Amino acid sequence: MKTVAPQKEELSRNTKNSGVKKITEAAVFFALGFTLSSCFVLRVASPFSISLISVSKKNNFIYSAVGSALGYLAFCPDNFARYAVAVVIVALGTFALALAEAKNQPWFPMLLSFLSLLATGVVVNLKMGEGAARYALVFAESVLGLGGAYFFFRSINCNFRRFRFKALPVSDLTCIITSVSVILMGLSRLTIGGFSPARMLAVIIILLTAHYGADRLGLILALVLGFSLGVEDTGTVFLAGAYAFSAMLATIFCTESKWSAATSFSLCVALFSVAAGDESGIFIIIESVAGGIAFAFMPRLVTDKIEEFFHDGAGITPDGSLRQSLVVRLRFASSAMHHISESVNEVREKINDINAKNALMAKAELTEQEYIAQEIINEKTNEIRMVASDQFFSISDMLADLAKEFDEAEYFDNIAAGKIRRLLGEYEIYPRNISVIEDKFGRMRIEIMTKGRESAISRTDIQKQISKICNRYFERGRVTHFRDDSMITFAERPNYSFEIGFAQHSAEGRLCGDTVKTVNDGKGHCILIISDGMGRGGRAALDGAMGAGLLSKLLCAGFGFDSALKVVNSALLVKSNEESLATLDCASVDLFTGRVDLYKAGAPATYIVKGNRVEKCELTSMPAGILRGIEFAKRTAVLSNGNLIVMVSDGIIDVGGDWLPAMLRGFEDASPQEIADTVLREALNIAQGKKEDDMSIIAARLNML
């Protein structure tokens, strides 16, 4: 019974909230219907209240219809009969559309508004015997009603969750601005001795948008507000141009101060008002001055909220303090995993000591075969524990690599991230997160996380606009798919490009025991990999593919070479009961500087060709899959424009002789693919009559972009 009371209380609270929401919506639609019925275009046409009824939801159209009818009675008594009939027609049509669930598209409400206004206007004109001018006016009013229905429909059905990211497409934003402007048009009829608070409010909104928002948004707002407030009367038509031109000046002076923007706007409006020569001009000047003063003296608390509204969405990316917190947490997690690995090792050694003592005590009671079997079981169990310990060490190193990467990210460009989020919103793309990262070398990288398999972001036109926002040139977006998410990475275009050629020969069957991979890590590095599995044929191909595949995926995920090698080594150790190994030969080339880092695990020499000079880079190391704790042997070199790097597998070297360096000196004008094919052919010629091994070669030339 104690749990029933809270449930009843919560149900009562939810019901009460739902009732309040319904009453609020009804009041809003009633008020809008009443207000819009006072919106006259050039004092003769009032179509927008009819438009509102046509787009109202099933539960609200009756309230907007009642508000509209009362509004027409109050503001348009001479034409009340005609507009009342139009209200009834459009209300019945809206009810029919709601029952048929046919209001998912704007075309039905638009057509309903157009026909109700046109039919009633034509009937009245026929009865009154009006001329062609009146029919033209009725048609123009019907078109305005059609357009109003479109703007109201888009505004009401806009996905307002985007406001959380401030990423509304410009088309939706324009529809909302237009709808609000029409409402202000109705409110502008409420004057105090000729002074219109609605027009003063319009000035404040324009100045706030021009100062804190985007220039383009401020100009759109000024143009729409000026047109909406200006077409009410022939004497105020000049407002359409006055507000737009004044807003343009305000955006120029916004960089100076708020007072400069407000003054330039008011002076420009005053110039237009004097030139128009209408008696209402003096009030428009007073309204613009009052709006400018209100804008300039607006409290800091309010302006901070407004600025946050316009620039929200950029703050989703981590700032400096959050980055440092993240780095600390990752390093703490890395230290914790390292401690766990050491603890597992200590436990393993103690268990080994206990097992060894137990084995000695039980040796007299066991036969020789039982003793050997027990030793084999203990040894296999010990190997599993060692691999588990290595895995914890690998995870620790991976977390340390991530901490280092975040620590090297010098700057997160939050403003650019916010602009990109708004740009993508125009294409109906709503990312979960956007990070615009500039590292300590000044290189920029953009990472965009989206839900599902979103690939439209990598489109060329979107990429060009992203480049314009960041004032950088980016390479084509690289899309990486996870389970339910996609990561699109734009890397800054580097100074160099790599022209790559490769060739392979299988010594046994169709499967080559060597695996060749070339990957781009999205940070300006091109990585070349050759993995040579033990032996020949299918089994060697499996080991080579496993080694190269795992290594390339881990490197692309942002992990370092050393931690990635530990994972590959552990995977090969536990792959099967039989001996399983693979050599790993990697070259990571920085395409911004030409620096190349060579990583070798049991791999043969790499050759760097600079004109007629050939450098042989040979490092001693162990292949992966044999022992625990292996590490890459490393060496660094620097390439310049036109230099060549050549990587080969054991099959090329084992044919004997020192023929390869001499051959590479004569390849200055050949393409990398021609070089790879020629070297492979020569190796096969030399190997005739000998036992062949799988052969692979990668030739890559660095070219200036």
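Predicted model: local features only at pLDDT ≥ 70, side-chain atom pairs only at ≥ 80, totals over all residues.
Local features are taken at pLDDT of at least 70 and side-chain atom pairs at pLDDT 80 or more, while totals for chains, interfaces and linings use all residues. Residues are numbered from 1 along each chain as its sequence is written, and side-chain values use heavy atoms, with hydrogens and water left out.

Helices (H or I, at least four residues) and strands (E, at least two) are DSSP runs, numbered from the N terminus. Helix 4 (residues 80–99) and helix 5 (residues 107–128) have axes that come within 9 Å and cross at roughly 150 degrees; axes are lines fitted to C-alpha atoms, for helices over the stretch in contact, and angles run from 0 to 180 degrees between N-to-C directions. The two helices are therefore roughly antiparallel, the word for angles over 145 degrees. On the helix 4 side, the contact (heavy atoms within 4.5 Å) includes Arg82, Tyr83, Ile89 and Leu97, and on the helix 5 side Phe108, Pro109, Leu117 and Val124 are among the residues involved. Sorted by class, this contact has 11 nonpolar, five polar and one charged residues; Ala, Val, Leu, Ile, Met, Phe, Trp, Tyr, Cys and Pro count as nonpolar, Asp, Glu, Lys and Arg as charged, and the others, Gly among them, as polar.

Next comes the pair of helix 8 (residues 197–212) and helix 9 (residues 215–230), packed at about 165 degrees with axes 8 Å apart. That makes this pair roughly antiparallel too. Among the residues that meet here are Ile205 and Ile206 in helix 8 and Leu221 and Leu225 in helix 9. The contact splits into nine nonpolar, two polar and two charged residues.

Finally, Ser621 belongs to the loop between strand 12 (613–617) and strand 13 (633–638). Its side chain reaches the backbone oxygen of Lys600 at 3.1 Å and the backbone nitrogen of Gly602 at 2.7 Å. Setting aside residues up to four places away in sequence, Ser621 also touches Ala601, Ala603 and Ala633.

Definitions and conventions: Parallel < 35°, antiparallel > 145°, perpendicular 65-115°, else oblique. Polar contact = N/O pair within 3.5 Å; in protein donor to acceptor, adjacent residues only side chain to side chain.
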